[in-house]
Structures are given as structure tokens and as C-alpha cells.
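Please consult the sequence and the structure while reading.

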Amino acid sequence: MTAVLDRPQAPPRLQRVRTRWAWGLGALAVLGWSLAGAGAFAGDVVNPAGAGQFGRFASAALSPALDGEFLRVLTDSVLVTVAYATLGAALAVLLGAVGAVAVARTTWGRRRLGWTLSRGALAVPRGLHEAVWGLLLVNLLGLDPWVGVLAIGVPYGAVTAKVFADLLDEVPRGGYEALLAGGVGRVPAALYGLLPPASGGLLSYSFYRLECAVRSAVVLGLIGAGGLGYQLLLSFSSLRWEQVWSCVYALALLCLLADVGGRAVRRRVAAPRSSGDRLRRDPALTTAVLGTLAAVAWSWWYLAISPATLVADRTGEQLRYVLTAAWPPDVDAPLLSAVAVAAVDTVQMSVIAIAVATAGAVLLAGVAARPARASAGRRLAGTVVRLALLLLRAVPPPVWALVLLFVLLPGILPGALALGVYTLGVLGRLAAEATEELDPRPRAALTALGAGPVGGWLYAVLPAATGPVLAFALYRWEVAIRDTVLVGLLGAGGLGALLASRVAAFDWGAVTTVLVALVLLTAAVDLVSARARAALRS
Amino acid sequence: MALVGPSGAGKSTLLGLVNGSVPPTAGTVEVLGTDPTALRGRAQRELRARVGTVHQHLELVGQLRVVHNVNAGRLSSWPAWRAAWSLVRPQGVPEVLAALEGVGLADRVFERTERLSGGQRQRVALARLLVQQPELVLADEPASALDPVLAERALALLAGLAADRGGALVASLHDPALALRHCTRVVGLVEGRVVLDAPAAALTVGDLADFYGAPR
């Protein structure tokens with residue numbers, strides 16, 4: 001140390017990390033551009049006349065409709081939603097299991113081209129929102145329960161295939177290769193050497209998909225597949241606010257149950273019980289798996305699904321007609337410029353949404369996190385905020401858009417804010433969980449030296465939580481760009497609105513163009529988000 | 001004053017009681033003439049600002065630059081806006097540099113703390129204390145990650161810091177020789193009870209060696 005002290009030297013200069021500053025300033029510029037595009041600086045975004053209606057809507061929260069007849073309707077809707085979610089998730093897991101084999105590194109080995117192509121093929125079903133699939137399938141199959149099941153199963157199946165393949169590829173290869181070297185065939189070797197170590201992760205992810213499917217089933221209801229979403233929209237358009245709130249509470253309860261059940265299964269998978277010398281299965285996991293299988297059978301019966309629809313002559317004819325009409329895609333100038341304008345709107349909406357959600361999540365994370373020691377008041381505040389976040393993410397974004405339209409003038413701002421509010425529900429919970437996992441000692445040390453609550457938060461919590469929260473926010477941006485399409489389908493503008501109008505006009509060539517633009521846009525956003533997250537990690 | 005005792009004897013708990021991070025389950029604590037548990041809000045923060053603690057560098061935030069981790073020692077006297085602004089434009093850099101000079105880290109002032117080694121981080125924790133300028137200095141194993149020369153210097157710094165303000169240094173130490181060289185009083189703890197309280201001059205390294213064996 002003395003050697004360092006003896007040598008006089010100029011104090012070093014503060015140097016910013018260039019890449020991070022570039023990303024930060026770029027993000028601010030994009031946010032400003034998005035707000036300007038949404039008309040936030042142009043004045044006149046608020047509609048004061050709607051305040052009364054909004055007040056009536058809000059006050060109905062305390063008096064939800066509980067009469068016997070409506071409760072019966074509500075129960076039926078919940079059952080329909082659950083049935084769609086179960087069948088959709090089951091189909092996704094089935095497709096995912098088959099697809100995983102087709103896209104796993106293990107299958108392709110050193111044949112990189114085949115692997116890259118098969119992965120690329122997954123980007124198309126994955127890039128389209130469930131609601132878009134619903135809209136397209138309704139035109140093929142008519143109003144059939146298959147629409148809801150396939151609309152969930154196909155895009156989810158693509159995501160599941162990718163995740164399953166990654167899980168299999170990440171398993172340490174030692175056991176598998178030892179079996180291969182011992183002359184065991186590839187399939188039994190995979191069954192004994194790859195599947196067992198990956199099975200925990202596969203099971204966890206399957207149940208996570210089931211949770212997500214509940215939300216998607218509600219969203220599909222909004223575009224006409226029936227169930228809770230449909231009932232919610234019906235009550236909304238007939239201005240029956242008490243009924244709307246009953247639906248919202250039922251939704252929140254359903255999401256909470258899916259959440260709690262899914263988390264219980266995943267916790268069991270992560271920490272299995274010891275079995276000893278007898279062959280014993282975990283009763284909770286066995287119940288969950290058997291219960292899900294029973295639920296699939298029940299859903300099949302309840303929705304009265306028949307495979308005949310899929311192979312009916314009419315379906316084949318309709319498919320042939322749509323495919324011939326859809327190719328080649330329209331590339332005339334007015335359509336292309338409309339697509340460009342709509343794509344800009346879509347990006348701006350998603351940027352505003354994610355900015356709103358991130359700011360809210362950072363502010364609420366501290367209150368929503370469960371501290372180790374807390375006063376009664378602090379505990380109560382935490383519970384209230386966590387319930388509010390649950391309510392925010394239980395209601396699908398298009399419904400939030402309708403609510404915001406009471407007090408905001410139509411445009412892309414209500415859609416963006418609606419998406420922001422919904423994303424806040426998701427991001428707030430993730431940020432709270434990230435805060436709970438922080439090391440408490442730096443904060444405690446600052447308190448011990450007399451720092452106030454703001455100082456302690458700024459110097460101990462904020463710097464440590466920024467990284468994980470921003471990474472979550474960027475990941476949710478990828479999800480938000482897909483959800484923007486959903487808000488658009490129901491009229492908030494952007495590519496979704498354009499798609500809905502082209503489908504309604506049976507202009508299949510233009511539909512293809514919009515779909516291609518959609519897939520390219522989501523792929524571009526995924527790429528930017530992945531780059532930004534890499535810059536964050538460096 | 002040196003605190004010695006086998007691990008689990010209650011040295012860290014005792015230090016925690018004094019700086020207020022561990023509430024007493026029974027009895028009372030008196031720190032600088034007042035009972036910390038009786039104070040609230042501003043008065044409590046003012047008392048805490050007069051007591052400085054250095055842990056085993058675990059209280060630092062890795063994602064922050066060294067300058068901010070050192071400046072955190074002044075958060076008790078800074079208003080919130082100044083604390084926030086300092087994260088953008090570091091405030092009071094000359095004092096921070098002087099403190100870091102004292103521990104031989106002046107050339108790393110703008111480095112991210114997680115890039116430093118364990119011993120360097122421990123010296124950053126010392127620099128934070130130098131900036132805080134407390135009257136009572138509590139040190140929990142301040143020399144554990146330092147080589148002998150640095151450990152020697154760190155303890156001299158801590159003792160000097162406490163003496164400057166007319167206060168005291170309470171350090172839990174693992175090295176009996178260090179304890180005898182830098183402290184005037186040695187207190188031994190075993191299973192939460194004081195079993196030794198003697199002036200350092202009356203003890204030898206051999207007397208203290210027993211404390212680091214198996215608990216009696």
C-alpha cells in the first residue's frame with residue numbers, strides 16, 4: 001500500500017460505459033418519439049365528459065352482481081374458459097413434445113443448416129398472437145370450439161417446442177453418450193439418459209403454460225370464442241358495470257388459482273421428497289398430473305369437440321380457397337404505406353406501454369415485496385398493492401382500453417396505456433420478487449449509519465435491482481409487441497386494427513402482407529431486446 | 001477495545017446491539033449516553049450517524065462505483081436530492097479521494113465495486129467510515145481479508161479515526177497479536193457471556209490463543 005501512496009498521481013477521471021449510455025439515450029429518444037407520435041404533447045387527450053361514466057364504473061366495484069341467474073351464467077363462462085385453457089395447453093404440450101424432437105440440437109447434431117431452418121420455421125407460429133390465430137381460424141372452421149383450442153395450442157406449441165428442446169439440449173451429455181457408446185439405440189438412450197434429468201423442467205414448464213393458457217382463453221373469449229372474456233365484453237357493451245366487476249373478480253380468482261396451483265407444482269418439482277427403498281410417487285404431483293388428464297377428458301366432453309370438423313370437406317375447401325387467395329401477397333403502394341404507418345403505431349404503443357409499466361413497477365416494487373421483518377401497516381400496504389397488481393394483470397388489455405376510453409380521446413394513447421397498465425401488473429410482481437431476492441445487508445448497513453429511507457433506497461436497492469428489472473422489462477417488451485396486436489384487433493389502431501379490417505373484407509392477399517409484416521416486426525423487436533439485454537449484462 | 005472469542009460467541013450480535021441493527025430482547029443498551037431503542041426518526045438517525053460500523057465488506061453494493069459506496073457514509077447528513085444528484089454527478093470527490101488515499105485505493109475511485117478483490121473492497125468499506133467520521137467505531141473482523149501489512153495499517157487508521165473524535169474503537173479480531181498491539185482493553189466472549197475483561201498490557205498472545213480453539 002505504501003508504494004501506491006508514495007507515488008503522486010493525478011486523480012482518475014470518471015468514465016461512463018459508452019454502450020450502456022448509448023442504449024439509455026437511445027431508449028429515451030425512442031420514448032420521446034413514441035409519446036409525440038401518440039399525441040401526448042399535442043394537448044387534448046383527456047375527455048372530461050367521460051368522468052361521470054368512469055365514476056359510475058368505478059363505484060360499481062363495491063357492488064358486483066351476485067344474483068342467482070347471473071352467477072349461473074358466470075359459472076358456465078368460467079367452465080368454458082377453463083375447458084379451452086386445458087385443451088389448448090394439452091395440445092401445446094403434445095405439439096411441443098413432438099416439435100422439440102424436431103428442433104433439438106441433439107437430433108440434428110452437427111447439421112447446423114437443418115437445425116437453423118427448423119428453428120426458423122417456429123418463428124412464424126410464435127410471432128402471431130393467439131387472437132390472430134383465432135381470427136384466421138374462425139374464417140377456416142367457422143364458429144367451432146376447435147378455433148379456441150387450436151388458437152391456443154398452435155402458438156403455444158411452437159414456444160413449448162423451443163423451450164422443451166432447449167431443456168433437453170442443456171442436460172449434461174455424459175449419461176446419454178455413455179449409453180450410445182454402449183451400443184444403445186438413439187431413442188432408448190434419450191429415454192434413459194436425457195429425459196429423466198430434464199423431466200422436472202419439462203413438467204414445470206407444462207404447468208406454467210397451463211397458467212398462461214387461462215389468460216389466453218379469456219382473450220379469445222373477447223374475440224368471440226365464448227367464456228369469461230365474451231361475457232365480460234357483453235356486460236361491458238350493455239353498460240352493466242356490476243356484472244363487469246363480477247366477471248373481473250371471477251377472472252382474478254381464476255388467475256390466482258392457476259398461479260398458486262402452478263407455483264405449488266413447480267415448487268414440488270424443484271424440491272422432490274425422498275422416496276427411500278420403495279417405489280413411491282409424490283402424491284401431490286401424481287394428483288396434479290392425473291387431475292389434468294381428467295380435466296382434458298372433461299373439457300373434450302364439455303366443449304363437445306368432434307375431430308370430424310377438422311377433416312370435413314367444407315374445411316378443406318375453405319382452406320384451399322383461402323390459401324389460393326392469400327398468395328401472392330398484395331404489394332401495391334397504398335397497402336404498403338398503410339402497413340408502414342400501422343407498424344410505427346404498433347411500435348410506439350408498445351414503447352409507451354413498457355415505459356409506463358417499468359416506471360410503475362420500479363416505484364411499487366419496494367412496497368409489493370415481502371420484507372423479512374415489517375410492521376402491521378407495512379404488511380397491509382404490501383397486501384393491498386399485491387392484490388391491485390393481481391387485478392391489473394387479470395383483466396385483459398383490451399378491456400382496460402375500453403375503460404380508459406371513458407376518460408381519454410380515441411387514438412393510440414388509450415391502447416398504449418391499457419397495455420401499460422396490464423404489463424404493470426406482470427412487471428410489478430416480477431420486480432417485487434427481484435427485490436425480495438436482494439441481499440439485505442447493504443441496506444441494513446446504510447440504516448445503521450443513519451441514512452434516511454430515500455438515501456438507503458437510492459444507494460442500496462436501486463443500483464442492485466436496476467439490472468434484473470430492466471432485463472424483465474425488455475423481455476416483457478417482446479411480449480407487449482404481440483399484445484399490441486391484440487389491443488389493435490379490438491380497435492385501438494396499429495397492425496392489429498389493419499389486420500382485423502382486411503380479414504373482415506376477405507382481402508386475403510393483404511392479410512398475408514400484414515402477417516408477414518407482423519412476424520418481421522416481432523422478430524426485429526426480439527433481436528433489439530436481446531442486444532439491449534446483452535449490453536446490460538456487460 | 002478488542003472483542004475476542006470463538007465464532008458463534010456473540011461478537012457480531014454485540015456490535016449489532018450497539019449500532020442499533022439488532023434490537024435487545026432483554027435489558028437496555030446505552031450508546032454515547034443515550035438509549036438507541038428510545039429514539040425515533042431524526043434523533044435516531046443523528047445518533048446512528050455518530051456510530052460507524054465496518055463489516056466484512058458485505059455491506060457494499062457491487063453495482064455502484066467506489067465513489068458512491070464511499071459517499072454512502074455521508075447519507076445521514078445529505079438531503080435526499082443531493083444523494084440522488086450525486087449518483088449522476090459524484091459530489092464531494094476531494095474528500096472521497098482523501099479517504100481512499102488513506103487506504104491506498106485512490107486510483108480506483110471510479111471503478112465498479114464488484115470489479116475489486118475482497119481485500120480492496122474491505123478497504124473501500126474503511127474509506128466509507130473515514131468519510132462518515134463517527135465518534136464510536138465498530139469493526140467486525142476488519143482485518144480478515146487483508147494481508148498482515150494492510151491489516152496493521154487498517155487497524156491504525158480505525159484507532160486513529162476514533163481517537164480524532166475523542167471516541168473509541170470496538171473491534172472483533174481473530175488475530176491475538178493484532179488485538180494486543182492496537183487495543184488497550186480486551187474483552188473475551190464465550191456463548192454470549194463476558195469471560196475476560198482485562199487491559200491489553202496484562203495479557204500475552206498465549207492467554208488469548210485459548211479463545212480461538214474449541215469453545216470451553
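**Exercise 1.** State how many salt bridges the structure holds over all chains, and examine one of them.

*Solution.* Begin with the total: over all chains there are 14 salt bridges, each being a side-chain nitrogen of Lys or Arg within 4 Å of a carboxyl oxygen of Asp or Glu. Next, take one pair: A:R482 and A:D526 form a salt bridge through their side chains, at 3.5 Å from N to O. Then place the partners: A:R482 belongs to helix α22 (residues 453-492) of chain A and A:D526 to helix α24 (residues 508-537) of chain A, so that distant parts of the chain, 44 residues apart, are linked. Helices are DSSP runs (H or I, at least four residues), numbered from the N terminus.

The model is predicted: local features need pLDDT of at least 70, side-chain atom pairs count only at pLDDT 80 or more, and totals for chains, interfaces and linings use all residues. Residues are numbered from 1 along each chain as its sequence is written, chains are lettered from A in the order in which they are written, and side-chain values use heavy atoms, without hydrogens and water.

**Exercise 2.** Determine where the largest cavity lies, and why.

*Solution.* First, its volume is about 60 Å³; a cavity is a set of points on a 1 Å grid where a 1.4 Å probe fits but cannot get out, and lining residues have an atom within 4 Å of a point. Second, the lining comprises nine nonpolar residues, with no polar and no charged ones; among them are A:F57, A:W245 and A:W400. Finally, domain 1 (65-271 + 284-322) and domain 2 (344-537) of chain A both contribute lining residues, and therefore the largest cavity lies between them.

Definitions and conventions:
On a 1 Å grid over the protein atoms alone, a cavity is a set of points where a 1.4 Å probe fits but cannot get out, and a pocket is an open set with protein on both sides within 12 Å along at least five of seven lines; lining residues have an atom within 4 Å of a point. Grid points are joined across faces, edges and corners, and a volume is the space filled by probe spheres set on the points. Ala, Val, Leu, Ile, Met, Phe, Trp, Tyr, Cys and Pro count as nonpolar, Asp, Glu, Lys and Arg as charged, and the others, Gly among them, as polar. Domain bounds come from an automatic or database domain assignment. Helices (H or I, at least four residues) and strands (E, at least two) are DSSP runs, numbered from the N terminus.
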